[in-house]
Amino acid sequence: PDPREANYEVICASLVGSDGRKRVLLLKREGLVGEVSNLPSDVIVEFYESEKDLISAIFKALEDYPFIITFNGDDFDLRYLFHRAERLGFNRDEIPISLGRNVCLLKYGIHIDLYKFFGNRSIQIYAFSQKYRNTTLNDVSQALIGRAKIEPSKSISELTYDELAEYCLNDAEITYELTSFDDDLVMKLILVLSRIS
């Protein structure tokens with residue numbers, strides 16, 4: 001989907017925190033029944049009656065942490081949420097995301113887009129010895145933490161609650177693990193680079 005148009009409903013979001021909290025937020029959809037039963041017991045599953053309520057819960061979560069880590073959040077995730085919220089009638093002051101030309105900033109924290117970090121040639125070559133060639137979540141995570149994305153067997157909108165929850169949670173866990181592996185190596189590199197620059 002085009003993040004500037006934001007034509008499709010947000011039907012799921014997953015949040016994984018350094019505090020150990022794991023949440024899957026799902027939109028109840030017409031014609032889809034069932035519960036989520038295939039996730040570990042430490043994952044909190046939340047169902048929302050409306051997309052506006054689901055997005056409000058995401059925005060509230062963005063305010064709970066000083067750092068928000070995404071993979072391509074500047075170009076897709078946060079940009080899509082911003083435009084989708086506008087389409088749903090949110091006021092600008094209710095949206096904790098500020099759009100720049102090439103970045104998405106947060107009103108109450110710092111957004112770090114790992115796609116841009118891992119796409120930096122110096123990081124790719126010198127920090128990680130060219131273990132990955134393409135800067136996709138799947139390629140980077142397989143190379144650095146030995147974990148892959150789940151490839152859905154059908155389109156995202158056709159997945160069951162179980163399949164969708166598992167798919168989204170896996171992406172969130174991978175993104176978090178890319179900052180926490182090897183004694184928080186990536187966060188330490190980001191901190192050192194920030195101090196230098």
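Trainee: Before we start, what should I know about the model and its numbering?
Mentor: The model is predicted, so local features need pLDDT of at least 70 and side-chain atom pairs count only at pLDDT 80 or more, while totals for chains, interfaces and linings use all residues. Residues are numbered from 1 along each chain as its sequence is written, and side-chain values use heavy atoms, with hydrogens and water left out.

Trainee: How many salt bridges does the structure hold?
Mentor: The structure holds twelve, where a salt bridge is a side-chain nitrogen of Lys or Arg within 4 Å of a carboxyl oxygen of Asp or Glu.

Trainee: Which residue forms a salt bridge with Lys 22?
Mentor: Glu 173 does, and the closest N and O atoms of the pair are 3.0 Å apart. This pair links distant parts of the chain, since Glu 173 is in helix H6 and Lys 22 is in strand S2 (residues 22-27), 151 residues apart. Helices (H or I, at least four residues) and strands (E, at least two) are DSSP runs, numbered from the N terminus.

Trainee: Is Glu 173 buried or exposed?
Mentor: Glu 173 counts as buried because its relative accessibility is 11%, and buried means under 20% relative accessible area, exposed over 50%, and partly exposed in between (1.4 Å probe, protein chains only).

Trainee: And what about Arg 147 and Glu 173?
Mentor: Arg 147 forms a salt bridge with Glu 173, with the closest N and O atoms 2.5 Å apart. Salt bridges that share partners join Lys 22, Arg 147, Glu 173 and Glu 177 into one network. Arg 147 itself is partly exposed, with a relative accessible area of 22%.

Trainee: Which residue does Glu 51 pair with?
Mentor: Glu 51 forms a salt bridge with Arg 84, and their closest N and O atoms are 2.7 Å apart. Glu 51 lies in helix H1 and Arg 84 in helix H2 (residues 73-87), so the pair ties together parts that are 33 residues apart in sequence. Both Glu 51 and Arg 84 are buried.

Trainee: Changing topic, where does Ala 57 lie?
Mentor: Ala 57 lies in helix H1 (residues 51-62), and Ala 57 is buried, with a relative accessible area of 12%. Leaving aside neighbours within four places in sequence, Ala 57 is in contact (heavy atoms within 4.5 Å) with Arg 23, Leu 25 and Tyr 48.

Trainee: Last one: is Leu 193 buried or partly exposed?
Mentor: Leu 193 counts as partly exposed because its relative accessibility is 40%, and Leu 193 lies in helix H6 (residues 161-196).
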